[in-house]
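Hi everyone, thanks for having me. Please take a look at the model on the screen, and then I'll walk you through it.

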Amino acid sequence: MTADTKNSTNKDLIVVKNLVKYFPVRGGLLQRVVAQVQAVENVSFTIRDGETFGLVGESGCGKTTVGRTILRLIPATSGKVLFDGQDVFGASPRLLKDLRRNMQIIFQDPFSSLDPRMPVGESIAEGLLVHGMKSSKDRFEIVINILRKVGLEDYHARRYPHEFSGGQRQRIGIARALALRPQFIVCDEPVSALDVSIQAQVLNILKELQKEFSLTYLFVAHNLSVVEHISDRVGVMYLGKLVELTGRDEIFRNPLHPYTQALLSAIPIPDPNIVEKRQRIVLKGDVPSPLRPPSGCRFHPRCPVALEHCSQQEPEFKEVSKDHWVACWRVE
């Protein structure tokens, strides 16, 4: 059973509908809003219960903003997010607190997300205290159990963040996200700052924990090799919009959007004995500014196969084959 079909019968745990997030740019003496950074524009997708949904793209494409907006860590401009049928954006403070017990995040930089003046055991236990676990003994037992599951020792609970390596700090970040036994975790580039050997260890920990606790992941990354290793389905973002979405095997075997093809062509072939080389697609120019995105298809200024009307009309994000969604006039 392949990765893109094993969860096909599962229900949708996360439903994202027409998500939009603009960041205001202020200027002048009165600090009026003079422009809007269009970080996320009309993004829609679902994440099935128990799967890992990979979200990839170049730096600044809006993938981290999508993850944080889903959790309501930053407010959305418009759109809707459902968690297990419950409206996240419309939730009352009391309901939102309950929802956040089931929705956690692993940050990209574990050092900056940990309090340097607090032992890591207290950092991990903080969420338990916030959500009503008053017994320090019970909190301590949960912390020790979780530290063991991520490959750390009991005595590490009494140490401070600066006493750990980068890989160990990321394990602490994973432990903190797991403390409340959530259903859904946003993994915000959790291995991008780690050495390759440590990346493999952390990814294997995430996969093992997913099996043990029936977790659902939104895995944000720009390393396609990592995404291929861990994801079940993959969404590709460019300049705030989804341009392709399908199963992992399908997107690596049959990428349809020119941007996805360019990303995949940049993946190095790990086996030096393979003589055949991948045809490299080099994109011209830089990513346009989200302050003034291009008209029509946002990728057309850099697209090697752009048509005349690509600059005039935006393509619809549509299903071109079973579970394979693309926004491209060429595919149509």
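**A walk through the model**

Let's start at L283, which sits in the loop between helix 9 and strand 11. Helices (H or I, at least four residues) and strands (E, at least two) are DSSP runs, numbered from the N terminus. Before going on: this is a predicted model, where local features need pLDDT of at least 70 and side-chain atom pairs count only at pLDDT 80 or more, while totals for chains, interfaces and linings use all residues. Residues are numbered from 1 along each chain as its sequence is written, and side-chain values use heavy atoms, leaving out hydrogens and water.

Is L283 buried or exposed? Its relative accessibility is 19%, so L283 counts as buried. Buried means under 20% relative accessible area, exposed over 50%, and partly exposed in between, with a 1.4 Å probe and protein chains only.

Which residues does L283 contact, leaving aside its neighbours within four places in sequence? They are Y259, A262, F299, R302 and P304, where contact means heavy atoms within 4.5 Å. Y259 is 24 residues from L283 in sequence, and the two are 8.6 Å apart in space, C-alpha to C-alpha.

Two of those partners, Y259 and F299, come back when we look at rings: ring pairs link Y238, Y259 and F299 into a cluster. Rings of Phe, Tyr and Trp (its six-membered ring) pair if their centres lie within 6.5 Å; planes under 30 degrees apart count as stacked, over 60 as edge-to-face and the rest as tilted. Searching the whole structure gives five aromatic pairs. In one of them, Y238 and F299 have ring centres 5.1 Å apart and planes at 80 degrees, so this pair is edge-to-face. Y238 belongs to strand 9 (residues 233–238) and F299 to the loop between helix 9 (258–265) and strand 11 (318–321), so the pair ties together parts 61 residues apart in sequence. Y238 counts as buried, at 2% relative accessibility, and F299 counts as buried at 1%.

Now for another pair, F317 and W325. Their ring centres are 6.0 Å apart and their planes at 25 degrees, so the pair is stacked. F317 is partly exposed at 25% relative accessibility, and W325 is partly exposed at 32%.

Next, the core. In soluble globular proteins, nonpolar side chains tend to be buried together. Here the largest nonpolar core has 54 residues, and those with the most contacts inside it include I174, L206, F219 and Y259. A nonpolar core is a set of buried Ala, Val, Leu, Ile, Met, Phe, Trp, Tyr and Cys residues joined through side-chain atoms within 4.5 Å. Not counting residues up to four places away in sequence, L206 touches I106, I174, P190, Y217, F219 and I230. Apart from this core lies another, of 30 residues, among them V40, F45, V186 and L242.

Let's visit helix 3 (residues 120–130) too. Its buried residues include V120, I124 and L128, and what covers the buried residues of helix 3 includes helix 4 (136–149) and helix 5 (166–178). Just after helix 3, G132 takes a positive phi of about 100 degrees.

Finally, the whole protein: there are nine helices and 12 strands. Of its 332 residues, 46% are buried. Among contacts with a separation of 6 or more, 63% join residues 24 or more positions apart.
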